[in-house]
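Please walk through this model with the text beside it. Keep the sequence and the coordinates in view.

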Amino acid sequence: MTQERKVALVTGASRGIGAAIAQQLIQDGYFVVGTATSESGAEKISATFAENGAGRVLDVRDGAAIDALVTDIEQNFGSVMILVNNAGITKDNLLLRMSEDDWDDILNIHLKAVFRLSKRVLKGMTKARFGRIINISSVVAHFANPGQANYSAAKAGIEAFSRSLAKEMGSRQITVNCIAPGFIATEMTEQLSEDIRKKMSDQVALSRFGEPKDIANAVSFLASDKASYITGTVLHVNGGLYMA
C-alpha cells in the first residue's frame, strides 16, 4: 500500500498544528504516521487518516519507545522519508521559580527528542539518498519572552542542531530545516482572554493570529521537491511579529 508513497512521521499529530501538518501531508500524497501521547489520541488519528496513514502512541521522552516506533513503521509501511518533529509542551515560569524538573522536561521533550528521532530515521534516509527533516521551532528562539527560559533554550537548541545536521547530511541529499511559528490560533490561545489576545495580535504586522494551516503549508513546501535546494534554514511564519 505504501510502497508507491513516501512515508512521513509527524509527532504530536492529534490536534492543532500537528493535526494540520499531517492532513496537509496526506493531501500531498504521503502515507502519514501521526503520534499522540494516549491510546485514545492514536485511535482518533487512525480513524481520521483511514487508509492514508496510522496513529501510534509515543512518549518522545522515551528513547526505547522511539526506536520501537520507527522499527514498527519500517516493518509495516517503509522507511521514514519525511520527519516532522512537532510534539511539544510548555512549562512556563520565571527562572527564579522554575524547578529543575520543569527545565529538564522541556529540554527532553523538545531538544533531546529531536536528536533521538532524527538519528533513528537517518539510516533509511541515507540508504535512499533522500530525506526531509523538518523541526518545529518557535519565534521565542529569537524573540524574548519572559517566563520561557526553558522553552526558548530548547527551541534555539533545535535550530543550532538543525544547522549542524544539515551540514552533515547534505551530501546524502537529506535536508534539515526549521519552521518558527509566531502566534498561532490553537486550543491554547482560545483559552486566553479577549484582552490578552488583542494585545498579542497588536504586536503582529498583519494584526492577526496565524492558523495551523499556515504552518502546514510551510511544512508542505519544505517537504516537497520545490525545496530540494533549501537546507539549514529557519522559515519564520509569524505574520511580521519578528522580522529576521
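Predicted model: local features only at pLDDT ≥ 70, side-chain atom pairs only at ≥ 80, totals over all residues.

Residues are numbered from 1 along each chain as its sequence is written, and side-chain values use heavy atoms, with hydrogens and water left out.

Start with the record. The unreviewed UniProt entry carries a "binding site" annotation on Gly-12, Ala-13, Ser-14, Arg-15, Thr-37, Asn-86, Tyr-151, Ser-152, Ala-153, Ala-154, Lys-155 and Ile-184. These residues span 173 residues in sequence, and the farthest two C-alpha atoms are 25.2 Å apart, so they do not all gather at one spot. From this set, Lys-155 belongs to the lining of the largest cavity. A cavity here is a set of points, on a 1 Å grid over the protein atoms alone, where a 1.4 Å probe fits but cannot get out; lining residues have an atom within 4 Å of a point. UniProt positions follow the numbering used here, feature names are shortened, and annotations may be inferred rather than shown by experiment.

Two annotated loop residues come next. Arg-15 sits in the loop between strand S1 (7–10) and helix H1 (16–27). Helices (H or I, at least four residues) and strands (E, at least two) are DSSP runs, numbered from the N terminus. Arg-15 has 53% relative accessibility, so it counts as exposed. The classes are buried (under 20% relative accessible area), exposed (over 50%) and partly exposed (in between), with a 1.4 Å probe and protein chains only. Asn-86 lies in the loop between strand S4 (80–85) and helix H4 (100–128). Is Asn-86 buried or exposed? At 13% relative accessibility, Asn-86 is buried. Leaving out residues up to four places away in sequence, Asn-86 touches Thr-11, Gly-12, Ile-17, Gly-18, Ile-21 and Ile-136. Contact means heavy atoms within 4.5 Å.

Tyr-151 is in helix H5, and its 13% relative accessibility makes it buried. Which residues does Tyr-151 touch, not counting those up to four places away in sequence? They are Ile-89, Thr-90, Ile-106, His-110, Ser-138 and Val-140.

Now turn to the helix pairs. H4 and H5 (residues 149–169) pack at an angle of about 20 degrees, with their axes 8 Å apart. H4 is therefore roughly parallel to H5. Axes are lines fitted to C-alpha atoms, for helices over the stretch in contact, and angles run from 0 to 180 degrees between N-to-C directions. Angles under 35 degrees count as roughly parallel, over 145 as roughly antiparallel, 65 to 115 as roughly perpendicular and the rest as oblique. On the H4 side, the contacting residues include Ile-106 and His-110. On the H5 side, they include Tyr-151, Ala-153, Ala-154 and Lys-155.

H1 and H8 make another pair. Their axes come within 8 Å and cross at roughly 45 degrees. That makes H1 oblique to H8. H1 passes H8 in a right-handed crossing. Among the H1 residues that meet H8 are Ile-17 and Ile-21. Helix H3 (residues 63–76) packs on H4, with axes within 10 Å and a crossing of roughly 35 degrees. This crossing is also right-handed. Ile-66 and Val-70 are among the H3 residues in the contact, and Leu-117 and Val-121 are among those of H4.

Finish with the backbone. Most residues other than glycine have a negative phi. Ala-50 has a positive phi of about 55 degrees. Ala-50 lies in the loop between helix H2 (39–49) and strand S3 (53–57), and at 43% relative accessibility it is partly exposed. Ser-207 also has a positive phi, near 60 degrees. Ser-207 is in the loop between helix H7 (194–202) and helix H8 (212–223), and at 54% relative accessibility it is exposed.

Terms used. 1 Å grid on protein atoms, 1.4 Å probe; cavity = no way out; pocket = protein on both sides within 12 Å on 5 of 7 lines; lining within 4 Å. Left-handed = near helix turned anticlockwise from the far one by under 90°.
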